Amino acid sequence: LLYGFSFSLEDATFGGKLRYAWLNSLDTVRTVRLSLQMLLSGQAGLKDMSGPVGIVSQMSEVAENSETTQIAILNLLYMGGFIAINLAVMNLLPFPGLDGGHLMLYVIEIIRRKPVKREIEGIINFIGLAIILVLAVLIMIKDVIAL
């Protein structure tokens with residue numbers, strides 16, 4: 001496997017299919033990482049992001065442009081998997097309010113050898129969640145305007 005391309009033919013065994021799914025999932029994680037790097041470096045911005053409205057619109061377009069119903073279903077399943085992996089990676093980011101933020105607080109507790117005050121933890125998570133909700137509303141407004 002080189003740069004997301006496979007140049008060999010394998011038997012379609014159960015193990016081969018699991019291996020292909022695993023490698024495809026890793027490639028999706030890499031794509032999400034590269035997208036995050038683009039966001040943080042300024043190469044991508046709010047205009048390049050989509051929320052639920054934009055995702056449903058894109059899924060509708062993919063289904064309409066598929067040659068057959070079977071291909072449409074497979075494309076939508078692939079997109080669903082991509083979205084699930086994307087959400088999993090985003091959820092593990094060390095940002096307050098996400099699971100990665102909770103893990104970061106646990107690491108801080110381990111290093112300090114004493115727990116973070118629950119009030120401080122609550123404030124940190126509230127601020128992180130507020131930022132996420134504001135971003136979600138902005139993206140949804142952008143998606144609705146784009147329709």
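Modeller: Let us begin with handedness: a crossing is called right-handed if the near helix is turned clockwise from the far one by less than a right angle, and left-handed if the turn is anticlockwise. Helix 2 passes helix 3 in a right-handed crossing, and please keep in mind throughout that this is a predicted model.

Colleague: Why are helix 2 and helix 3 called roughly antiparallel to each other?

Modeller: The axes of helix 2, residues 52–65, and helix 3 cross at roughly 150° and come within 9 Å. Angles over 145 degrees count as roughly antiparallel, and helix 2 and helix 3 are therefore given that description.

Colleague: Which residues of helix 2 and helix 3 meet, and how do they divide by class?

Modeller: From helix 2 come I55, Q58, M59, V62 and A63, which meet A72, N75, L76, M79 and I83 in helix 3. By class, this contact of helix 2 with helix 3 has eight nonpolar and two polar residues, and no charged ones.

Colleague: What makes helix 1 oblique to helix 3?

Modeller: The axes of helix 1 (residues 14–41) and helix 3 (residues 69–91) cross at roughly 55° and come within 9 Å. Roughly parallel requires an angle under 35 degrees and roughly perpendicular one from 65 to 115, while over 145 is roughly antiparallel and the rest is oblique. The value of roughly 55° therefore makes helix 1 oblique to helix 3. The crossing in which helix 1 passes helix 3 is right-handed. On the side of helix 1 the contact is made by N24, S25, T28, V29, T31, V32 and L36, and on the side of helix 3 by Y78, F82, I85, N86, V89 and M90. Eight nonpolar and five polar residues take part in the contact of helix 1 with helix 3, with no charged residues.

Colleague: How do you know that helix 4 and helix 5 are roughly antiparallel?

Modeller: Helix 4 and helix 5 pack at an angle of about 150°, with their axes 11 Å apart. Since the cut-off for roughly antiparallel is an angle over 145 degrees, the term applies to helix 4 and helix 5. Their crossing is right-handed. The contact is made by H102, L105 and E109 of helix 4 together with R118, E121, I124 and N125 of helix 5, and by class these residues divide into two nonpolar, two polar and three charged.

Colleague: What makes R19 partly exposed, and how far apart in space are R19 and A44?

Modeller: R19 lies in helix 1, and its relative accessibility of 45% puts R19 in the partly exposed class, given that exposed means over 50%. R19 and A44 are 25 residues apart in sequence and 32 Å apart in space, C-alpha to C-alpha.

Colleague: Why is R113 called exposed?

Modeller: With a relative accessible area of 78%, R113 is exposed, because the class begins over 50%. R113 is placed in the loop between helix 4 (99–112) and helix 5 (118–146), and its phi is near 60°, a positive value in a residue other than glycine.

Colleague: Turning to the whole protein, how do you know that it is more spread out than a compact globule?

Modeller: The secondary structure comes to five helices and zero strands, with the elements running α-α-α-α-α from the N terminus on. The radius of gyration is 19 Å, well over the 15 Å that the globule rule gives for 147 residues, so the protein is more spread out than a compact globule. The C-alpha trace spans about 55 × 40 × 25 Å along its principal axes, and 16% of the 147 residues count as buried.

Conventions. Residues are numbered from 1 along each chain as its sequence is written. This is a predicted model: local features need pLDDT of at least 70, side-chain atom pairs count only at pLDDT 80 or more; totals for chains, interfaces and linings use all residues. Side-chain values use heavy atoms; hydrogens and water are left out. Axes are lines fitted to C-alpha atoms, for helices over the stretch in contact, and angles run from 0 to 180 degrees between N-to-C directions. Helices (H or I, at least four residues) and strands (E, at least two) are DSSP runs, numbered from the N terminus. Contact means heavy atoms within 4.5 Å. Ala, Val, Leu, Ile, Met, Phe, Trp, Tyr, Cys and Pro count as nonpolar, Asp, Glu, Lys and Arg as charged, and the others, Gly among them, as polar. The radius of gyration is taken over C-alpha atoms; the globule rule is 2.2 Å times the number of residues to the power 0.38. Buried means under 20% relative accessible area, exposed over 50%, partly exposed in between (1.4 Å probe, protein chains only).
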